[in-house]
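Q: I have a model open and would like to go through it. Can you take my questions as they come?

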Amino acid sequence: MTEATGPDPALTLHEVTIAYGAAPVVSDVSLAVGRGQWLAIVGPNGAGKSTLLKAIAGLVEYRGSVTLDSTRIDRLSPSDRARRIGYAPQNPALPERLTVTDYVLLGRTPHLGFLARETAADLSIVEDVLDRVDLRGLMGRRLGTLSGGEAQRAVLARVLAQRTGLLLLDEPTTGLDIGHAQTLLERLDQLRAEDNATVVTTLHDLTLAAQYADELVLVDRGGIVAAGKPSEVLTAERLREHYAAEVEVLTTTDGRPVVAPVRPRHA
Ligand SMILES: Nc1ncnc2c1ncn2[C@@H]1O[C@H](COP(=O)(O)OP(=O)(O)OP(=O)(O)O)[C@@H](O)[C@H]1O
């Protein structure tokens with residue numbers, strides 16, 4: 001079990017087990033994330049990372065408990081859950097004919113009042129997040145005409161517009177070039193700090209994960225095999241064992257690990 005880094009765990013998973021069929025794909029996972037902290041779930045393909053995020057989002061059934069600010073999430077009404085938890089799936093199906101603005105406005109739906117009409121304040125939040133993800137210039141475009149990276153940023157914008165205290169982002173940088181990936185994570189980090197939001201992402205790019213996350217959990221075959229500070233979790237030996245990858249783990253001047261793949265030596 002990873003200990004919460006802050007004094008106040010916002011999110012706690014206790015012995016969470018998830019099965020789609022007979023065999024569990026996630027077994028007995030326990031972890032805690034402090035309020036305002038950033039946790040990255042890493043691990044090889046099929047390890048159970050997305051499944052874990054879906055359980056926290058309340059989208060798949062599980063055994064065990066998931067608690068947000070002392071409330072079990074399975075006791076939250078769907079509207080309360082949407083006001084408190086933002087979730088961006090890895091490959092969401094997008095309504096092609098919707099404009100970027102109308103799509104991002106959907107993020108405000110859980111906050112709309114009785115008449116369900118968005119206000120100037122909602123529109124202002126949407127414009128702010130579109131600026132943050134660098135999509136202001138495309139606000140009138142239909143989703144079906146966006147590039148893969150632009151669509152990915154629109155998905156993130158919708159979740160950010162929800163302004164929830166917990167953000168669950170499944171591979172938010174997939175399909176983004178290195179500059180857009182970095183900008184997006186920077187802006188996410190700014191929002192996290194401004195709102196004191198708790199962030200849980202899955203991330204395949206271990207170097208980026210190490211630069212932004214306070215803590216990493218490494219998941220393999222449905223269980224946590226290592227947890228802690230990025231420099232503690234990311235060792236060449238562990239990555240060989242769990243990813244079957246040959247890497248060198250270097251260190252930046254500020255002490256964060258950089259995972260560099262190297263070609264295996266053949267005898
Ligand atoms: N709806 C489903 N029905 C049956 N099996 C599923 C379903 N969704 C996922 N699985 C299986 O559960 C396991 C974990 O999948 P999951 O998507 O959580 O992995 P992941 O760690 O996110 O992988 P990746 O890095 O490839 O995205 C995999 O073996 C996958 O095939």
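**Strands, ligand shell and overall dimensions**

A: Strand E1, residues 9–19, runs antiparallel to E2, and seven bridges join the two. Note that this is a predicted model.

Q: Which residue of E2 is the bridge partner of Val 16?
A: Val 16 pairs with Val 29 in E2.

Q: What is the strand order in that open sheet?
A: The order is E2-E1-E4-E5, four strands with antiparallel pairing.

Q: And which strands stand at the edges?
A: Strand E2 (24–34) and strand E5 (71–72) do. Each has a single partner strand, so one side of each is left without a neighbour in the sheet.

Q: Switching to the ligand. Which residues are around it?
A: Tyr 20, Val 25, Gly 43, Asn 45, Gly 46, Ala 47, Gly 48, Lys 49, Ser 50 and Thr 51.

Q: Which helix gives the most to that shell?
A: Helix H1, residues 49–56, with three residues.

Q: How do the shell residues divide into nonpolar, polar and charged?
A: Three are nonpolar, six are polar and one is charged.

Q: Now the whole chain. How many helices and strands?
A: Nine helices and 12 strands.

Q: What is the radius of gyration against that of a compact globule?
A: The chain has 19 Å; a compact globule with 267 residues would be near 18 Å, so the two agree. Along the principal axes, the C-alpha atoms fill a box of roughly 65 × 40 × 35 Å.

Q: What share of the residues count as buried?
A: 37% of the 267.

Q: And contacts between residues 24 or more positions apart?
A: They make up 66% of the contacts with a separation of 6 or more.

Key:
Residues numbered from 1 in each chain as written. Predicted model: local features only at pLDDT ≥ 70, side-chain atom pairs only at ≥ 80, totals over all residues. Pairing = 2+ DSSP bridges. Near = placed C-beta within 6 Å. Nonpolar A, V, L, I, M, F, W, Y, C, P; charged D, E, K, R; others polar. Rg over C-alpha atoms; globule rule 2.2 N^0.38 Å. Buried ≥ 20, exposed ≤ 12 C-beta atoms within 10 Å, placed from the backbone. Contact = placed C-beta atoms within 7 Å.
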